[in-house]
Amino acid sequence: MKPPIKTTSKNRNSPAMKRVWLVLLLVLFMALAAIFWKQLGQDASQVPSALIGKEVPDFDLPPLYEDGKGLKTADLEEGVHLVNIWASWCGPCRGEHPVLMQLSEDDRFDVTSINYKDEGENARRFLGTLGNPFDRIATDSTGRTAIDWGVYGVPETFIVRDGIIVYKNVGPLNTKAFQTDFMPALEKAISEEAAEKSGGQQPTS
């Protein structure tokens, strides 16, 4: 009876074993590359939110300006509102600001905001330079309210209708998704609100 063959370091370093390890590493690399490519191809604005279709979180935040209006849950219970989460230190927030200025000219909805983890003086300087599109500006100095809203990072913008979150845009509004997804969702919310006020009849153009 022959003794069992022992596996030695020489066996493990044989050309056959090296080829096996090479194939395994190649398969692992391809799998990771596929996952990365899939994530890269996703539009960040399409990140889903567990709050879609649910009531806005319970919150009550102070105003940015002493003589201004803060923002709380009750302020969003009726009508259509945009809630923009922003900060003066956020580059993309500066890039999307002209879009918010344009949206603020539409009186079919309110444009409100939550200033996220910012210095009040810097935030006021930001709006003093670029313009103030907001009907209400609240300050979330700790970021606690943003967490309750499920915010990934600034900027983010929510569409709220009668206290219900109906859409969430992750990232700035100056992207293609603004026209293809955000605006249709906003127009739908406005149309549904108008229909409800008119007794269930869709408004005519």
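Student: How do strand β3 and strand β4 pair?
Tutor: In this predicted model, β3 (residues 80-86) and β4 (residues 110-116) run in the parallel sense, with six bridges. Strands here are DSSP E runs of at least two residues, helices are H or I runs of at least four, and both are numbered from the N terminus. Two strands pair if DSSP finds at least two bridges between them.
Student: Which residue in β4 is the bridge partner of Ile 85?
Tutor: That's Ile 114.
Student: And which helix packs on the sheet?
Tutor: Helix α3 (residues 91-103) does, touching β3, β4 and β6 (156-161). Touching is a contact, meaning heavy atoms within 4.5 Å. The direction of α3 makes about 160 degrees with that of β3; axes are lines fitted to C-alpha atoms, for helices over the stretch in contact, and angles run from 0 to 180 degrees between N-to-C directions.
Student: What's the strand order in the sheet?
Tutor: It's an open sheet of five strands, β5-β4-β3-β6-β7, with mixed pairing. At the edges sit β5 (136-140) and β7 (164-170), each pairing on one side only.
Student: New topic: how many helices and strands are in the protein chain?
Tutor: Six helices and seven strands.
Student: How much of the chain is buried?
Tutor: 38% of its 205 residues, where buried means under 20% relative accessible area, exposed over 50%, and partly exposed in between (1.4 Å probe, protein chains only).
Student: Anything to know about the numbering and cut-offs?
Tutor: Residues count from 1 along each chain as its sequence is written. Local features need pLDDT of at least 70, side-chain atom pairs count only at pLDDT 80 or more, totals for chains, interfaces and linings use all residues, and side-chain values use heavy atoms, leaving out hydrogens and water.
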